[in-house]
Amino acid sequence: MTVKPLLEVKHLKKYFPIKGGVFGRPVGEVKAVNDVSFEVYEGEVLGIVGESGCGKSTTGKALLRLTEPSDGEVLFEGRDVTKMSSEEMRKMRRDMQMIFQDPYASLNPRHNVGKILGEPLLVHGIGDKKDRAEKVKEILEIVGLSGDHASRYPHQFSGGQRQRIGIARALIVRPKLIVCDEPVSALDVSVQSQILNLMEDLQEEFKLTYIFIAHDLSVVKHISHRIGVMYLGKMVELSSKDNLYREPLHPYTQSLMSAVPEPDPDLKKERIILEGDVPSPSNPPSGCPFHTRCPKVMDMCKTDVPEFREIRDSHFAACHLYNEEEPAGQQIK
Amino acid sequence: MEPTSPSKNSPFPGPEHQEPQTSVPAAASPWKEAFRQLIKNKLAIVGMIIIGFFIFIAIFAPLLTTYTYQAMSAADRLQPPSSTHWFGTDDLGRDIFTRIVYGARISLMVGFFAVIGALFFGSLLGIIAGYFGRWIDMIISRIFDIMLAFPSILLAIAIVAILGPSLQNALIAIAIINIPIFGRLVRSKVISIREEEYILAAKAQGMKSGRILFHHVLPNSTAPIIVQATLGFGTAILEAAALGFLGLGAQPPTPEWGRMLSDSRQYIQSAPWTVLFPGLSIMLVVLGFNMIGDGLRDALDPKMKS
């Protein structure tokens, strides 16, 4: 792609200190996000997948500075958000919104829907009282609720309806980028597809850019254009959806893909079952973070950190298997 | 299960009809809902009637009695209750009913201002400690701990001893000893609410911390504060009576219930009505506030909702 990226993330790091002892001095660090770089282009949906604790949610929050990144750059339309003053950042949030995972926890129980949706407009100085009420009504209808739901309170809605409110809240200021932090994982399966379709339609209608964080591969496959796979605070593979599903390069991605259930029971496929547990992010393994569980581990994996680089056309991976010019992965298989 | 199927035929974008709607009619705010819960609670209603009654007699005190609370009459000393003196008279021949009625003004006033004062300063300190954390929290919390380490009445006595005995100083002392109770409550509430996802969402929307604090954190912390304030009303009245009993509160001839108790305690055998009615009044007012407080706690507790 030759288009200029909307968002460029360069060497993003987020370390949480582990405090110990009498005086609460830091005795170690949890490397939740450890040197992650990627780009997001306007109008695309970038999916980020990974198992629990791999740092995908922290990445999403660090992008919006909801948790302060420890290091790295986040360039939004060329401006580094990590260096902005709090007031600049506050204004910037109009363009970068977030949809939260838990629709039960992310809406203020004491505010009615009209206030929940009107407040983002108010704090960004959009419209007068009448305009705002109209915009709230309009957005409620866009997300599939009714305009007179504005006077109701969150507890009067179901999970799916609440998530629609959460989506409306992110959408109402017409942002350019929305970080969706597992927006459907707290919902019933029957409701998930409705919300996903809604998000997909909104993305097309308003030319939105999503960073879609999820742990469900089928959900991510449905909505994303490109997908990044994270493991232990690092991005191990990033590619277009089709390439990633057709030909996963990184052994971790390959094992993830083999775990996706097939609807056809006659189709036999080889499951790659990983041994052991995810290592602690406070004490990540040397070299490649995946070497402790990798079925194709080599000696150099234990000492050298693989570089995250473009192996094929727009297909990035961090794995020593592809060190030669020619893709060597096939031969090893 | 196949959430990925492009189910364009599925009922999009309609709401999820399969999920039952709540039976609550539209626009029942959490406060209205709590009020409905409260008036269903019989004990709370009894409490409200008791307190309403005392507020009524406090307001209309001069209309309810033909005597004045300080008029002495040597001829009418220690009269038992009769049609002329409903609650009898004390050792100086003063009409006890009149003194009880005027005393209600004092007790309610002490309760009100002590609670307001403690609430205001306690909440302020609690918010500061809870929201800013770190060393500010450390200092404020340790001060609270020190204050709570003393028995509250002892601390109140010490404060009155410094300021000098008077009703006003007793009120100040009661307000001060109640500050850490409100302060700790508000602090803990602010700390827990601060971590809620909707606060993060408010930040993600681009709200300033002042707005987050006063529009999001504080309204969600009010329920336990209201309950504590109601219960604190009773405690404050009790503490005022205790200080009055010790001669550190209202000075004669102010008709303060605690003071009336201590002035009459030597006649408890010969003229029990002199201590019965002030004691009963204190008990009823405290009981009334506690019943309302308990009712409010049940009504405002989100866990009680089905």
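The legends below describe several close-up views of a predicted model. Residues are numbered from 1 along each chain as its sequence is written, while chains are lettered from A and ligands numbered from 1 in the order in which they are written. Because this is a predicted model, local features need pLDDT of at least 70 and side-chain atom pairs count only at pLDDT 80 or more, whereas totals for chains, interfaces and linings use all residues.

**View 1. The eight-stranded open sheet of chain A.** The strands of this sheet follow the order β6-β7-β8-β3-β9-β10-β12-β11 with mixed pairing, where strands are DSSP runs of E with at least two residues, helices are runs of H or I with at least four, and both are numbered from the N terminus. Two strands are taken to pair if DSSP finds at least two bridges between them. β6 (96–99) and β11 (309–312) of chain A stand at the edges with a single partner strand each, so one side of each is left without a neighbour in the sheet. From one strand to the next, the twist averages 25 degrees, with axes being lines fitted to C-alpha atoms (for helices over the stretch in contact) and angles running from 0 to 180 degrees between N-to-C directions. Strands β7 (residues 177–181) and β8 (residues 209–214) of chain A run parallel and are joined by five bridges, and Cys180(A) has Phe212(A) in β8(A) as its bridge partner.

**View 2. Strand β10 of chain A and its two antiparallel partners.** Six of the seven residues of strand β10 (residues 234–240) of chain A are buried; a residue counts as buried if 20 or more other C-beta atoms lie within 10 Å of its own, as exposed if 12 or fewer do, and as partly exposed in between, with C-beta atoms placed from the backbone. Six bridges link β10(A) in the antiparallel sense to strand β9 (residues 226–231) of chain A, and Val229(A) stands opposite Glu237(A) in β10(A). The hairpin of β9(A) and β10(A) has two residues between the strands, and in this hairpin Leu232(A) takes a positive phi near 50 degrees. β10(A) also pairs in the antiparallel sense with strand β12 (residues 315–317) of chain A, over two bridges, and there Leu238(A) has Phe316(A) as its bridge partner.

**View 3. The four-stranded open sheet of chain A.** This sheet has the order β2-β1-β4-β5, with antiparallel pairing. Strand β4 (residues 71–76) of chain A pairs with β5(A) over two bridges in the antiparallel sense, and Leu75(A) is found opposite Asp80(A) in β5(A).

**View 4. Gly55(A) in a loop of chain A.** Gly55(A) belongs to the loop between β3 (45–49) and α1 (56–63) of chain A, and it is buried, with 26 other C-beta atoms within 10 Å. Leaving aside residues up to four places away in sequence, Gly55(A) touches Ala32(A), Val33(A), Met230(A) and Gly233(A), where a contact requires C-beta atoms, placed from the backbone, to lie within 7 Å. Lys14(A) is 41 residues from Gly55(A) along the chain, and their C-alpha atoms are separated by 8.9 Å.

**View 5. The largest nonpolar core and Ile174(B).** The largest nonpolar core has 166 residues, and those with the most contacts inside it are Phe212(A), Ile174(B) and Ile237(B); such a core is a set of buried Ala, Val, Leu, Ile, Met, Phe, Trp, Tyr and Cys residues joined through C-beta atoms within 7 Å. Helix α9 (residues 209–245) of chain B gives the most to this core, with 16 residues. Apart from residues up to four places away in sequence, Ile174(B) touches Val110(B), Ala114(B), Ala156(B), Ala236(B), Glu239(B) and Ala240(B).

**View 6. The helices of chain B and the annotated spans.** Chain B comprises eleven helices and zero strands, and buried residues make up 43% of its 306 residues. An unreviewed UniProt entry places the feature "transmembrane region" at several spans of chain B, including residues 106–132 and 225–250; positions are in the numbering used here, feature names are shortened, and annotations may be inferred rather than shown by experiment. Residues 106–132 of chain B are 100% helix and 0% strand, with end C-alpha atoms 38 Å apart, whereas residues 225–250 of chain B are 81% helix and 0% strand, with end C-alpha atoms 28 Å apart.

Definitions and conventions. Two residues are in contact if their C-beta atoms, placed from the backbone, lie within 7 Å.
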